[in-house]
Amino acid sequence: MKRFLSILLILMVFFCSCQSDKSKPNIILIMADDMGYECLSSNGSISYNTPNLDHLASNGIRFSKCISQPLCTPSRVKIMTGLYNYRNYDYFGHLNTDQYTFGNLMQDAGYATCIVGKWQLNGAYHKDNILDWNDNTKPNSFGFDEYCLWQLTKSGSEGGRYAAPLIEQNGELIKGKMDDYGPDLFVNYIMEYMERKKDSPFFIYYPMVLVHDPFVPTPDSKDWEQVDLRKKNDTTYFKDMVSYADIIVGSIRDKLKALNIEDNTIIIFTGDNGTHPTIYSKMANSIVQGAKGNTIDTGTHVPLIVSWPQAIKKGFVYNELIEFSDFFPTLADIVGKETPSDGKSFYPLLKGTGYKARNTAFVHYDPQWGKRVNQYRNQFVRTLGYKLYQDGKFFNLDKDPLEKHPIHPDSLTGEEKKTKQFLMDELKKHPKWESIK
């Protein structure tokens with residue numbers, strides 16, 4: 001009898017564990033490369049058509065004020081660790097192996113984990129200072145069971161991301177064939193991974209290679225059939241690239257539906273920084289020039305959409321601030337882990353349980369990459385309508401979105417004086433850029 005009861009108890013524990021695992025939401029975090037807020041038609045763009053992302057937005061949460069870092073590596077380090085760059089950003093194209101990422105977090109929470117797309121975090125740009133730059137197990141160290149990546153230990157000069165790509169997949173080097181298109185190979189890996197992991201909770205981090213330059217034809221472009229044009233860099237193709245990124249998101253959603261796991265899967269879509277400066281996009285009442293690398297609003301204002309059919313029954317727009325340090329604690333909140341970060345979890349927004357909006361967003365920006373972008377190194381803290389830099393420049397973002405005219409101290413209204421003082425106090429919470437160096 002005792003033996004029977006023991007077996008029954010084991011079976012009950014196992015059954016409850018399985019039920020608990022199945023109740024955990026799958027999570028797919030997609031981050032487009034160099035896609036600013038103005039690239040989605042759901043955000044008001046009339047230059048591009050993004051029906052799949054628009055569908056997610058209309059049925060989920062569309063965030064109108066998500067603030068990233070102005071450049072790729074600073075954003076990737078911040079979103080993956082939940083920490084401000086002054087704590088752990090040491091070199092462009094590098095994430096130090098002593099860091100705890102959301103891959104580690106999700107793995108520790110019992111999730112199957114996978115990263116697919118653009119890596120560029122091994123430190124290959126600084127081989128003299130980073131001795132393990134060619135370690136192809138780094139993604140595993142950061143908590144990902146599997147990977148399929150571009151720019152892991154091979155540089156972009158050794159093989160591109162688009163036509164005939166050079167990809168490293170779980171320790172194997174894969175040279176794409178002439179008609180292979182990198183984004184297709186990545187999304188195919190994701191769909192095959194979901195097929196394998198559909199019966200257990202999974203976390204997929206998909207830092208897209210689209211829509212970063214070079215601006216080249218996609219398989220849906222008329223010029224794709226001309227092989228000699230597949231590497232032609234022309235901003236004319238940017239529209240096609242945005243469309244292809246949207247189609248990929250649609251393919252992922254279709255696969256989730258086919259596997260009958262869409263309802264309890266959270267899809268998060270964002271961009272790592274603003275659009276490339278050579279791209280001009282039409283909005284209803286303006287033309288927006290991309291400002292990647294720059295700290296003005298069009299360098300840091302990125303799309304953010306969250307879809308979770310099981311929890312978000314009616315779509316809505318959230319018009320308060322979100323910053324890139326918030327993703328890590330949100331994931332920690334979803335899986336019930338308490339892990340230190342600089343961010344604020346927006347999980348209550350997804351659950352509809354009440355959420356107190358953040359008053360400010362903070363950016364510490366030292367790109368450590370190239371003269372053109374290094375000139376913008378600074379710190380700023382902002383509210384929805386005002387921005388204060390460490391160097392003292394204070395802007396009204398509603399009246400001066402391109403930050404051409406700092407508000408002179410003598411012309412401040414009484415309310416603006418209070419706002420500026422509030423932002424000055426917020427900046428004092430962080431070490432100054434000069435003191436960090």
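Two strands count as paired if DSSP finds at least two bridges between them. Helices (H or I, at least four residues) and strands (E, at least two) are themselves DSSP runs, numbered from the N terminus. With that in hand, look at Phe380, which stands opposite Tyr389 in β15.

Before going on, a word about what you're looking at. This is a predicted model, where local features need pLDDT of at least 70 and side-chain atom pairs count only at pLDDT 80 or more, while totals for chains, interfaces and linings use all residues. Residues are numbered from 1 along each chain as its sequence is written, and side-chain values use heavy atoms, with hydrogens and water left out.

Back to the strands. β14 and β15 (residues 386-389) run antiparallel, with 3 bridges joining them. They belong to an open sheet of 4 strands, ordered β13-β14-β15-β16 and paired antiparallel. At its edges sit β13 (361-365) and β16 (394-396), each pairing on one side only. On average, neighbouring strands here are turned by 15 degrees against each other, direction ignored. Helix α13 (residues 414-427) lies across β13, β14, β15 and β16, and runs at about 45 degrees to β15. For these angles, axes are lines fitted to C-alpha atoms, for helices over the stretch in contact (heavy atoms within 4.5 Å). The angles run from 0 to 180 degrees between N-to-C directions.

Now for the pockets. A pocket is an open set of points on a 1 Å grid over the protein atoms alone, with protein on both sides within 12 Å along at least five of seven lines; its lining residues have an atom within 4 Å of a point. Grid points are joined across faces, edges and corners, and the volume is the space filled by probe spheres (1.4 Å probe) set on the points.

The largest pocket holds about 820 Å³ of space. It is lined by 36 residues, and the closest to its centre are Ile296, Asp297, Thr298, Pro401 and Leu402. Two or more lining residues come from each of β10 (287-289), α9 (297-300) and β14 (378-382). β10 gives the most, with 3 residues. Sorted by type, the lining has 15 nonpolar, 9 polar and 12 charged residues. Here Ala, Val, Leu, Ile, Met, Phe, Trp, Tyr, Cys and Pro count as nonpolar, Asp, Glu, Lys and Arg as charged, and the others, Gly among them, as polar.

The second largest pocket has a volume of about 520 Å³. Of its 27 lining residues, Trp150, Arg161, His212, Asp213 and Pro214 are the closest to the centre. This lining divides into 12 nonpolar, 8 polar and 7 charged residues.

Asp213 and Pro214 are joined by a cis peptide bond, with omega at about 10 degrees. Pro214 lies in the loop between β7 and α8. Val211 has its place in the loop between β7 (202-207) and α8 (238-258), and a cis peptide bond joins Leu210 to Val211, again with omega at about 10 degrees.

Two more residues are worth a stop. Gln120 is not a glycine, yet has a positive phi of about 55 degrees. You'll find Gln120 in the loop between β3 (112-118) and α6 (138-141). Asn170, also not a glycine, has a positive phi of about 50 degrees, and sits in the loop between β5 (166-169) and β6 (172-175). Buried means under 20% relative accessible area, exposed over 50%, and partly exposed in between (1.4 Å probe, protein chains only). Gln120, at 8%, is buried, whereas Asn170, at 40%, is partly exposed.
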